[in-house]
Amino acid sequence: MDKRSFFNTLAVYKKEIQNYFYSPIGYVFIVLFLFIPNILFFFFGGIFKENNATMRMYFAMLPIIYIIFIPGLTMGTWSKEKNDGTLELLFTLPLNRYEILIGKFLSTLTIVFIALIATLPIPLITHFLLGSFDIGQLISQYIGALLMASCYIAISFFISSLTKELIVSFLLSTSILALFTFIGYLAYSVKFFTQLEWIKGILTEISLSTHFLNFSKGVIDSIDLVYYIGMSILFFYLNIRVLESKRWS
Amino acid sequence: MKNNDKKIDKIKSYKMETWLISSLFIAIMIIIIFVITKFFYFRFDLTKGNKFSISKPTVELVKKINNKLIIKYYYNDNCREHVGMSKVVQYINDLLKEYKNYSKGYVEIISEELSTQRDREKLDELESKGLSYKSLSEASAGEARLSQGMSGIIINYEGKESVIPQIFTDVGFEYLIDKEIKKIINDNNANIGLILAYGNKSFENEYSYLKQILESEYSKTTIINSGENIPTDINVIMVIGAEQLTDYDVFKIDQFLMNGGKAFFTTSGINILYNQYSQIALPKDGKLFDLLNHYGITINKNLIGDNESYRAVPRSILEESRYPIWPIITGENINKTNPIVKNFKNLGFFWVSSIDIDEKIKNNTEILLKTTNKAWEKKDRMELGLDNYKYPIEQGDKQFNIACAFKGSLESYYKGKEIPKNENENIKYELGRKDSGNTQLVVISNDMFFENSILDSRLVTQSEINLLINSFDWLTEDLSLIQIRDKKKFLNELDKVKPNTKQFDTRKNIVIAVSTYIMPFLIIAAAILINLLRYSRRKKILEEYKK
């Protein structure tokens, strides 16, 4: 990335971050992201029921939380631009598609990052008041949560680029993410015939949630890293191709 | 115009083609990268103590497996519903996956949760295979709940089956699995020979628990009676006591060692005698002492007391009596480099003697355990009664060796001598004779601590049992399991304040309040502030623009 590209990306990033923070969307996302999972975590199982200083239960439900929350945050990324007619304007600016996409992606990831950081009081206060956490495990969980978020964002961006309607974008993203998330759980809950065991293997390998299991334990695995980074790159690429094709439609 | 449309259509169809081709290319690239990562696999376990990683010896063991090994973990729903046990179930499932990851596809893991109601038949079948129930108690909201938990493992390999009947703790889980895998794949070649030379005691009565431990740990254990030869497939012998050995028995032990065999000797230099009126210790005689003395290891006929570190004996609920003749070896008096003892924090002994090492073998001998330098010895009439030690009567200013390990070459005690006559005339010595040989020895100057009476009284802890097993592992040069035998408990409990107390609830409420209510409130406050600032800035700009 040359200097010009960097500043172009930065400009898009700043504009998108402002969009999030000068409108309720960013705050609503963060507040709900803190409130709903915390309620589930504290009052329906979790740390005090287990009497264990670990956030594993919290991070175990994160893939499901992301299914709803991330499409909510990203549904307007391209759909709204198309709906408002600002996409053409954006394409006339002296920016290439990658700069726009990366700028938008980083701004969305920043919001998720802030939301994740805002959950840190749970382990920090518990660590000092009730029981010592395994810091290494926490680091791995937060790294994993961010990587998984980037993958969810990339998929939602791609779907947003396919439609013009916000609600369609949201529902479609939620469905696709749910599919990619739950096939992992399906592989464990459904009994396969011995001859079809290989299907179980494939379902586990392509699921968004199963690759998060190691991170939530405190283990960083090369396969999980490659999966999340690879999936993000694949959907970025598809996103760019869709945007390219729009140019000619 | 039509021409332009055609051009655009052509470009569009070209774009579509490249779109599809490059998408396919990227997808294939990702699959290739996936396959490559399977071969260039790395992982970082960031948890404290590498909780979710199998240790290096286990990785090496798993890599040795060349046929399908199936580990089936069964647990019932009572285990999952029990707060403490559910964590153990999760840990076991997590760690078993690691066995699979490192196994080149040869290890298959099957983990099955069984319903106590619906899977009755399957549970009964597992019970008949050896898995057993354990009572799980749990107290919540002032009510005690009792349930029957089943959590066990069945390992299958080449038609053989091995069962671990109960697993209800994460402590030592990896060791437990490794031990069974080693047995089932025949990686453990330790065949142990047991020689008892201590009074009228027997392995069936006084040492049955010791025998049971060894049988569960090693592939074969054989009792060798007086006059019998040591079978050729035995590679380590354990000799308990000293006084009951005949000349021929000492000869066969000597030649076993000269032929590369290894030995674990546990004997003190004294005999403990009880009667109605007194408890005393008397010097012990035995031909084994002469053999060890010839090798350079002298077991003294004394009783050691340690004024600084000893096990107090309870006299009543409120009173404990000092008893310095049950010394406890702790801290720097435990050898921190030798794998047999380096992980121990303390080890207790009962009426122990001291060991002296001759100059000629000093370079090949490691002292494993020593008393503190405030210990003393008694050589004459050795009283054992509690009241004799109520108050310090001996001034301790010496340090004594309690255990040692030797590795090197020794000269035969029977060099140039005739083969002693065997009292059992039907058995002749058939192995070749050697005048010297390389061997390994572990000597502990105490013979009581594996007796059932001591083990039953719970005076012996897991450390003393591990001392026995570690010694055998060192002698068979299989150090892999020593490293993981003491792998500790991993769960981080909320233990800074006692649960279900007012203080705990207060702190719990602080955590919930700050993270669930105050943090969102701060975010909303920040939103209002940022937008107010923005509004006032805009207002200023508008005003200036109007001017």
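Why does B:Ile444 count as buried? Let's start there, and keep in mind that what you have on screen is a predicted model. The cut-off for buried is 20 or more other C-beta atoms within 10 Å, and B:Ile444 has 25 C-beta neighbours inside 10 Å, so it counts as buried.

Where is that residue, then? B:Ile444 sits in strand E24 of chain B, which covers residues 436–444. If we skip its neighbours within four places in sequence, B:Ile444 is in contact with B:Thr266, B:Ile402 and B:Ala403. Have a look at B:Ser353 too: 91 residues separate it from B:Ile444 along the chain, yet their C-alpha atoms are 9.0 Å apart.

Okay, on to the cores. The largest nonpolar core has 85 residues, and the two members that touch the most others are B:Val239 and B:Val443. As for B:Val239, leave out residues up to four places away in sequence, and it touches B:Ile195, B:Ala197, B:Ile253, B:Ala263, B:Phe265 and B:Leu288. There's also a second, separate core of 63 residues, and among its members are A:Tyr27, A:Ile111, A:Ile159 and A:Tyr227. For background, nonpolar side chains tend to be buried together in soluble globular proteins.

Now, how do the two chains meet? We have 49 residues of chain A in contact with 49 residues of chain B. On the chain A side, H14(A) gives the most, with 11 residues. If you sort the residues on that side of chain A by type, you get 27 nonpolar, 15 polar and seven charged.

There's some strand pairing between the chains as well. E1(A) pairs with strand E1 of chain B, residues 43–45, in the antiparallel sense over three bridges.

Last stop is helix H13 of chain A, residues 210–217. Eight of its eight residues are buried, so H13(A) is largely enclosed by the rest of the structure. The buried residues in H13(A) include A:Phe212, A:Leu213 and A:Phe215, but also A:His211, A:Asn214 and A:Lys217. And just after H13(A) comes A:Gly218, with a positive phi of about 115 degrees.

Methods
Residues are numbered from 1 along each chain as its sequence is written. Chains are lettered from A and ligands numbered from 1 in the order in which they are written. This is a predicted model: local features need pLDDT of at least 70, side-chain atom pairs count only at pLDDT 80 or more; totals for chains, interfaces and linings use all residues. A nonpolar core is a set of buried Ala, Val, Leu, Ile, Met, Phe, Trp, Tyr and Cys residues joined through C-beta atoms within 7 Å. A residue is buried if 20 or more other C-beta atoms lie within 10 Å of its own, exposed if 12 or fewer, and partly exposed in between; C-beta atoms are placed from the backbone. Two residues are in contact if their C-beta atoms, placed from the backbone, lie within 7 Å. Helices (H or I, at least four residues) and strands (E, at least two) are DSSP runs, numbered from the N terminus. Ala, Val, Leu, Ile, Met, Phe, Trp, Tyr, Cys and Pro count as nonpolar, Asp, Glu, Lys and Arg as charged, and the others, Gly among them, as polar. Two strands pair if DSSP finds at least two bridges between them.
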